[in-house]
Each structure stands twice: as C-alpha cells, then as structure tokens.
Amino acid sequence: MNGETKLNKHSQLTEIADNQIKISFFPQKTDIIELIEKNQPEEKKLYDLLFSYHYVSLLKDYDQLLSLANTKIEKYWHQIETVKKVLKYFHGRVLLCDEVGLGKTIEAGLLIKEYALRGLAKKILILAPASLVFQWKDEMLSKFDLEFATSEQSDVKKSPLFQFPLIIASISYAKSKNNFEKFTGENFDLVVVDEAHHLKNTSTLNWKLVNSIKKKFIFLLTATPVQNNLIELFNLLTLLKPGILKTEKDFKLKYVDNDDPKKPKNAEMLRELLREVMIRNTRALVDINLPTRFAQTFVVEPLPAERALYLELSAILKASNLDRLTLSVCLRQASSSFPALAGLLQKLIEEKKIDHSAAALLDKIKAVVVNQKDKKLLELIKKNNDKKIVFVHFLKTLEHLKLLFEKEKISFVAFSSLLSEEEKEEAILSFKDTAEILLSTESGGEGRNLQFCNTLINYDLPWNPMQIEQRIGRIHRIGQERNVFIFNLCLKDSIEDQLLKILESKINMFELVIGEIGSILGNLKTETEFSDIILSLWLESSDLNELNEKFDNLGDELARAKEDYLEVKKLDQELFSDNYET
C-alpha cells in the first residue's frame with residue numbers, strides 16, 4: 001500500500017452533505033494518521049489543530065451549510081437557497097414571507113441551527129402564538145436536535161431567563177404585565193417571531209415587546225405581511241431595520257397611494273427596497289403541483305351498549321371536579337378506544353378523583369373487545385392491498401389495534417415514540433418493503449419519505465385541525481405522484497363527529513393547501529388553543545342539541561375567518577407577486 005492510498009483511506013477529517021453533494025477535506029500528505037494510530041500524543045495535537053483549521057475555514061464560507069448534516073428532514077432547494085441568501089446578504093435580519101405550505105418553519109429551523117453551529121447565536125428566543133409553542137418545541141427537537149425550554153414550564157416561569165439559552169415563549173405570555181420587563185431586560189443573539197403579521201400595529205404590546213427586546217439578529221415569519229394597508233409593512237420593516245424607511249410620514253408620501261392605502265406608488269422603488277429585507281418563495285416558483293387529495297368521513301353508529309357507556313362516562317365526568325386537561329384526555333381517549341380510556345379511568349378511581357360509580361363503568365369498558373369502529377377499520381383495510389398508514393393518538397389504542405391486526409393476520413408494522421432511532425428506520429423500511437399497514441402514533445414518519453404510500457386512515461382524530469393537517473402532510477407533500485386518499489373514522493354524535501362536520505362544511509378543510517388551516521385559525525378572535533375551545537363547548541352544553549348549536553356557531557366563526565384569510569391572501573399576492581423570490 002503506497003502513501004497516497006494510505007492517506008485516502010485514513011485521513012478524511014470531516015464530511016458535510018450539501019444537497020446530496022459530499023465535500024471531503026484532507027490534510028497534507030503526512031504520516032500523522034499512522035502516528036495517531038500508535039497513540040503518540042504530540043502528533044495527535046497536530047491532527048486536532050489541522051481538524052480545527054479546516055473546520056474554521058469552512059465557517060467562513062456561507063455556500064456550505066453546516067446545518068444540512070445535522071437535521072432529520074427532507075430539504076428542498078428553495079429552503080436551502082433561502083438559508084444561504086439570508087447568511088450572505090441579509091446580515092441576520094430578514095422577513096421570511098413564503099406562501100403557505102413551502103416550509104417557513106423549516107427555513108427558520110435551518111437558520112437557527114446554522115447560526116448556532118457557527119457560534120453566531122447562543123442565546124435564542126422564539127416567539128409564537130400560544131397554540132404553536134409546543135409544535136415549535138417538538139419540531140426544533142425532532143428535526144434539528146435543539147432542545148428549547150418553553151414559557152409553559154414552571155422552572156422557566158420562576159427563574160431568570162439567562163438560565164435558559166434556548167427559549168420558546170408565547171407572545172401573549174412574554175408581553176404580559178408580569179413578564180414584559182423580564183424579556184426586554186435580556187440580551188438575545190437571535191429572536192424569531194412566528195406569525196409576525198401580529199406585529200402590524202405599533203400601538204400594540206406585540207409590536208412594543210419585539211421592538212424593545214435587545215437582539216443582534218431577528219427573523220420575522222409570515223405568509224401575509226400586509227393584511228389591511230401598507231403601513232403594516234412599514235411597521236414590520238422598522239422592527240427589522242429601524243430607520244430604513246425614515247418616518248411613517250415619509251413612507252406614506254413616497255410609497256402609499258393617496259386614495260387607497262393598500263395600493264403602492266413608486267412600486268418599483270418599493271420592490272427594490274423590499275429585496276434588501278424580504279424573501280418570498282411562491283408555489284409557482286417552487287413548482288409545487290401536488291396531486292389531488294380526496295377525503296371521506298365514515299360516521300360509525302355505535303351499538304346501543306356502546307352509546308350507553310359514552311353517556312354514562314359523560315355524566316360522571318361532568319359531575320367531577322377534574323381539571324380541564326384530564327377531562328380533555330378522558331373524552332379523547334373514549335373516542336379513540338376503550339382500552340385507551342381504561343388505564344386513566346382506573347388511576348382516577350384509585351386516587352378517588354371521580355365518583356365510585358365509575359368502577360362499575362370501568363368493568364363494562366374492559367368487557368368491550370371489538371367495537372363498531374374496529375369493524376369499519378377492518379373493512380377499509382381489506383378492500384385492497386395498497387399500503388396504508390393508520391394514525392392513532394394514544395399508545396394504548398396502538399396496542400389495541402396491534403392485537404386486532406395480529407388476530408386478523410394483517411401485515412403491519414408499529415411506529416411510535418417508544419422506538420429507538422434505529423428501530424424507527426427499520427419500521428419504515430419494513431413498511432416500504434413488505435408490510436401493508438404502518439400503525440403509527442402522531443410522531444409517525446416525521447422527517448421521513450413516505451410518499452410511496454398514498455392512503456391514510458385517521459382511526460381517531462385530534463381536536464386541533466393543525467394536527468390533522470400534519471398527519472396528512474406525511475404523504476401529501478412534494479414527491480407524491482399519486483392522488484391521496486384520506487379516510488376519517490368517528491362515532492356518531494361524538495365530539496369528533498361535530499368537529500369534522502364544521503371543518504368539512506364550513507371551511508372545506510381537506511381541500512385546503514397544507515399550511516392554510518393555521519392561517520385561518522389565526523383569524524379567530526381568540527388566543528385560546530383550539531382544542532380548549534372544543535372542551536369549553538362540551539362543558540357548556542347540557543345536551544346533544546345544545547352541543548350541535550354551539551358547534552354550528554363555531555363553524556360560522558371559522559367560515560368568517562376563512563373569508564378574512566382569502567381577502568388577505570389576495571392582497572398579498574397582488575402586492576408582492578413573484579418579485580422577492582430566492
């Protein structure tokens with residue numbers, strides 16, 4: 001073996017994948033590797049210095065992204081180009097305005113990871129609507145291996161912020177009277193604001209909070225930067241680069257039509273200005289042309305005995321003093337499967353948190369082996385041999401269906417958060433190669449290519465429409481070449497039945513572009529989490545008729561929110577068109 005061959009075999013120092021192009025770095029031809037193998041410490045120091053030299057050299061080059069080798073996601077060219085452009089030209093202050101469904105969160109996550117790896121940002125704050133805090137936390141950890149603390153944690157609430165280098169906070173929490181100074185008193189390297197159109201008015205606490213927070217870099221994320229008039233754009237840009245537009249009066253004189261505040265004058269000059277601070281990828285540019293998706297809901301009629309159990313459970317829960325979270329979990333477990341409910345019910349009985357009559361109910365629940373929803377699921381599965389993903393929310397429901405599938409000799413593989421990374425990869429490969437069914441909890445397929453499957457069955461349904469959308473997004477995404485089929489199962493007169501009725505009839509949820517449901521929910525006149533709204537409807541209803549009426553009212557609110565969203569979407573398309581793309 002000659003020296004050069006030996007070098008090529010042993011001396012690769014680091015390798016970083018950039019859009020599937022692998023770049024390798026080699027030291028000068030020496031016998032360092034052989035000396036290191038002999039454990040000679042002085043030469044090991046030289047090796048470390050060489051490694052550090054190549055690594056530091058790489059950091060200077062913004063054409064190579066360190067984050068790409070450290071993330072568990074599918075990356076698309078427009079996202080990578082956006083990250084490179086922000087690094088090279090925007091100096092850490094940018095308005096990310098991609099149309100919905102193109103991955104602004106992924107772009108932000110890549111940028112956060114990039115800034116962290118390069119040592120440019122150690123203290124990072126993400127501000128988001130309350131309903132998105134846990135989604136951000138989950139995505140930062142599962143996709144980017146960044147563990148953020150959140151404003152929901154008791155230790156964060158009680159301790160100084162400097163103890164937490166990575167924080168996600170709801171903007172409503174951060175701007176509150178008790179916390180405003182807590183956040184504005186810290187020095188952050190990077191602040192990321194999701195749904196940044198909520199900063200459109202300088203008189204609001206939202207805008208004042210972000211303006212007052214001390215930060216080196218700031219990313220503002222919104223698909224709809226202008227919702228009512230161009231002054232909103234001025235207010236956003238002032239947060240990015242104070243003084244860039246001088247005063248509001250100057251901006252009006254130069255860029256806003258005298259008769260229509262939504263219409264720009266000197267449009268080309270405004271475009272040139274915005275190119276310095278804004279990136280907006282459009283679906284036309286990215287050439288997303290996803291196949292059609294079809295959705296069908298099967299409302300299953302429970303047996304009289306099953307219905308009696310649900311009514312008995314509902315009465316016991318309403319008479320209890322359980323906290324809202326426990327009530328919500330009980331109701332969702334009951335609609336998911338009786339095995340999911342049984343464990344929690346047993347615990348509540350033992351802790352004497354519910355009436356002793358629940359013990360008799362528990363015995364009846366345990367006696368139910370196969371319910372009507374199970375029968376409908378088996379019917380759907382056996383219609384053809386195509387691959388299908390069956391989503392469930394609770395692990396106990398997953399275990400219940402595992403037993404059912406084994407009994408019916410259905411080829412399946414189970415996927416949940418309990419699996420190791422290696423086991424998860426094996427499960428996906430098994431599903432692709434041999435298994436007919438991927439039986440999965442919410443985490444199923446996150447960051448993995450599942451487009452070889454085009455059928456999804458929601459055995460149970462989250463109360464948050466965005467979680468339903470996330471499930472669909474596992475297969476209805478770039479790379480899917482076939483039409484996508486979505487089947488929803490729910491029990492007649494259940495909360496999920498009511499929810500699906502308004503989502504389908506009022507806003508045509510299953511026909512929306514991925515990402516649009518979040519924009520619609522954002523237009524509701526409340527900051528309450530959507531699932532908490534659903535629980536309130538149930539608590540405030542004395543019978544099924546009243547529950548139907550309250551859901552109808554919520555449906556009307558959703559319809560108005562969709563109309564508002566479509567008007568804003570039209571305005572932004574007219575204003576920005578395709579002028580600010582990567």
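Because the structure is a prediction, local features need pLDDT of at least 70 and side-chain atom pairs count only at pLDDT 80 or more, while totals for chains, interfaces and linings use all residues. Residues are numbered from 1 along each chain as its sequence is written, and side-chain values use heavy atoms, with hydrogens and water left out.

The protein chain holds 26 helices and 15 strands (DSSP runs numbered from the N terminus: H or I of at least four residues for helices, E of at least two for strands). Of its 582 residues, 51% are buried (under 20% relative accessible area, with a 1.4 Å probe and protein chains only). Among contacts (heavy atoms within 4.5 Å) with a separation of 6 or more, 74% link residues 24 or more positions apart.

Turning to the sheet, 6 strands line up in the order β10-β15-β14-β11-β13-β12, forming an open sheet with parallel pairing (a pair needs at least two DSSP bridges). β10 (293-300) and β12 (412-415) each have a single partner strand, so one side of each of these edge strands lacks a neighbour in the sheet. From one strand to the next, the twist averages 20° (axes are lines fitted to C-alpha atoms, for helices over the stretch in contact, with angles from 0 to 180 degrees between N-to-C directions). The parallel strands β10 and β15 (residues 484-491) are joined by 8 bridges, and threonine 297 sits opposite asparagine 488 in β15. Helix α22 (residues 465-472) packs on the sheet, where it touches β10, β11 (388-391), β14 (455-458) and β15. The direction of α22 makes about 150° with that of β14.

Notes. Buried < 20%, exposed > 50% of the residue type's maximum accessible area, 1.4 Å probe, protein only.
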